[in-house]
Amino acid sequence: MRTIVALRAHTFQQSRFNFFAIAAGFILQSAFLYLRGHAEHRCPLTNLFEVFIFLAWSVALIYMLVGPAYRLSLMGAFTAPLVVILQVFALLAPIDVPHAAKMPADPWLEFHASISMIAYGAFALACIAGAMYLVQDRQLKTHQIRSIFYHLPPLSDLFAAITRLLWLGFILYTLGLASGFFVGGPLPRLQIICAVGVWILYGAILQGRYSRWFAPRRIAALCIFGFAAALTLLWGITFSAQIH
Amino acid sequence: MNLFCVGLSHHTANVETREIFSANREADCVLRDAGCAEALVLTTCNRVEVYGASQNPVATPDVARCLSRKIDIDHSAFYRHENADCVQHLFRVASGLDSMVVGETEVLGQAKKAYESARACGSAGPFLHRLFQRAFRAAKEVRSQTEITRGAVSVGSVAVDLAAKIFGDLSRCKVLVVGAGENAERTARALSSRGVVDLRVSNRSPERARDLAANVGGTAVPFEDWPEQFRKIDILITSTSAEAPLLTPAQFESTLRERIDRPLFVIDIGVPRNVDPRVNEMNGVYLYDIDSLQSVAEQARATRLQHIAAAEKIIAEHVASFEETLARGLEWRARNIAHPQMRIAEQGS
């Protein structure tokens, strides 16, 4: 919020404020997840409420790992609203319903769910970097240079960040998907189809990037579309898991 | 103690007049000849100013005479600011508000250099020390709290800024200059100054291509080979006098397919334009002609002008605060130096 106001007032300065604000939120989220996990004696990923909180935590985690490394300080201004939206939705929507059947704790299932969520965090950051790329690209194309132009990273840096985030997310998601096959009980068919669908979608984006099917602008747009689709499918996966 | 500033700038004198007085008379000469307690000479390409502190008033012609070896000089172009006005003037100068290009930052470096040199030769004492340190603080605050220095305002620097926002590190960029006009040379030089090392020049006249390549530290490429070079480069500068466009979307299409993941920045400074404007609609191509570069420079200039009021406010606050500090310091000095017995009495009680 502070960054948006500063950008509008043309007084934005590169600072570590965004990083520390998200880090503070991350500590509180970690505390919440720890307490929740402690109460349930398992990784807190049993319903949609916990999935959204865990996702917001993953986004913050990946931002803290990636943001400073690529000097994408303004990324915090784009990341924070996404974290807020995910958390507000989790808190306001009536989705904190206990799981119908108390499943026994399975380390493979917990690993599968948590690593997949962290992969979603990387996809979310790729989506944010994609949005930043499109904003910068539009200004360069239309020759309308606004204040934000000077604070956003160069296109080549953003594209490199998008590629690395896609790889990070894809590798983590592949690990999550593979670990799903070691889960004790059978997983719902819809859940498997949705999970494989997300994997194919991001695999195709990466393939398109290296086979030169898509220009960087198209890849940036696909990262936004991909994350929106993955989020919808995540809903489907969690919903189907809650029914079973 | 009186603070004063005597000088001339682009506001009051033309370059011929400024030249006469920028003959590098050192501050210690001003100290000796004009009878100041402290003095500092600030010389830039647009101004020559003497900042001084003295017990007794120092006349403007005396200072002007110190700056020129000539005896018979016309000092009508000189302005004079005293005390609060002098403080405000220096803060405005250091912040780039009084510069020809509002918001330029070079003047701050020149002011720092002038201060260092005056300090080294002993002509800057406690008054000028406080004044200049506060001026640097005010300038820093103006720069960080407003957008007075934001964006490039000349065509060459706009092109470089845009290139940096597309490619990041320019040292790895390959640049091809087609045409050997003055604008192309200026832009190539600007890119070279920001780290570009791979510069290729192509022109119908091989001699001119070689000359320009030698001037900007690049290599000449035969004119018939430049479409081949086009596949390898990141930045293309065109500045030929060709009547018809040299590049059209059809010519770009096959090349772009091969370099889909690498952006291409095209700077068309030829009049008439050398590149078909529809090229800008292609994926990964950023085309800027002379008008669009000027428009970006104009946008930056307008942004800077919008922030003048905010910058003046910051300066006014610093002037008021400095005046207060100075008054307190002078009062303390008066009490402790002029009436030492009162101080002893105060300490005794």
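Predicted model: local features only at pLDDT ≥ 70, side-chain atom pairs only at ≥ 80, totals over all residues.
Q: Which residue of strand 8 of chain B stands opposite V177(B)?
A: Strand 8 of chain B is a parallel partner of strand 5. Look along strand 8 for the residue facing V177(B), and you land on I237(B).

Q: Which residue of strand 6 of chain B stands opposite V177(B)?
A: Strand 5 of chain B also pairs with strand 6 (residues 198–203) of chain B, in the parallel sense and over five bridges. In strand 6, the residue opposite V177(B) is V201(B).

Q: Through which helix does the chain cross from strand 5 to strand 6 of chain B?
A: Strand 5 and strand 6 of chain B are parallel partners. The path between them is a β-α-β crossover, and it is right-handed. The helix on the way, residues 182–193, is helix 8 of chain B.

Q: How many of the five residues of strand 5 of chain B are buried?
A: To count as buried, a residue needs 20 or more other C-beta atoms within 10 Å of its own. By that count strand 5 of chain B is mostly covered, and its number of buried residues is four.

Q: Which are the edge strands of the six-stranded sheet in chain B?
A: The sheet is open, its pairing is parallel, and its order is 7-6-5-8-9-10. An edge strand here pairs on one side only. Neighbouring strands are turned by 20 degrees against each other on average, direction ignored. The edges are strand 7 (219–222) and strand 10 (285–289) of chain B.

Q: Which element of chain B gives the most residues to the side that touches chain A?
A: Across the two chains, 24 residues of chain B are in contact with 18 residues of chain A. The elements giving two or more residues on the chain B side are helix 6 (126–145), helix 7 (155–167), strand 10 and helix 12 (290–306). That side divides into nine nonpolar, eleven polar and four charged residues. With five residues, the top giver is helix 7 of chain B.

Q: Is H143(A) buried or partly exposed?
A: H143(A) lies in the loop between helix 5 (107–142) and helix 6 (147–151) of chain A. Its phi is near 65 degrees, a positive value in a residue other than glycine. Because it has 18 C-beta neighbours inside 10 Å, H143(A) counts as partly exposed.

Q: What is the phi of R212(A), roughly?
A: R212(A) is in the loop between helix 8 (189–210) and helix 9 (216–243) of chain A. With 13 C-beta neighbours inside 10 Å, R212(A) counts as partly exposed. It is not a glycine, yet its phi is positive, at about 60 degrees.

Technical notes: Residues numbered from 1 in each chain as written. Chains lettered and ligands numbered in written order. Pairing = 2+ DSSP bridges. Axes fitted to C-alpha atoms, helices over the stretch in contact; angles between N-to-C directions. Contact = placed C-beta atoms within 7 Å. Nonpolar A, V, L, I, M, F, W, Y, C, P; charged D, E, K, R; others polar. Buried ≥ 20, exposed ≤ 12 C-beta atoms within 10 Å, placed from the backbone. Right-handed = clockwise from strand over helix to strand, strands pointing away.
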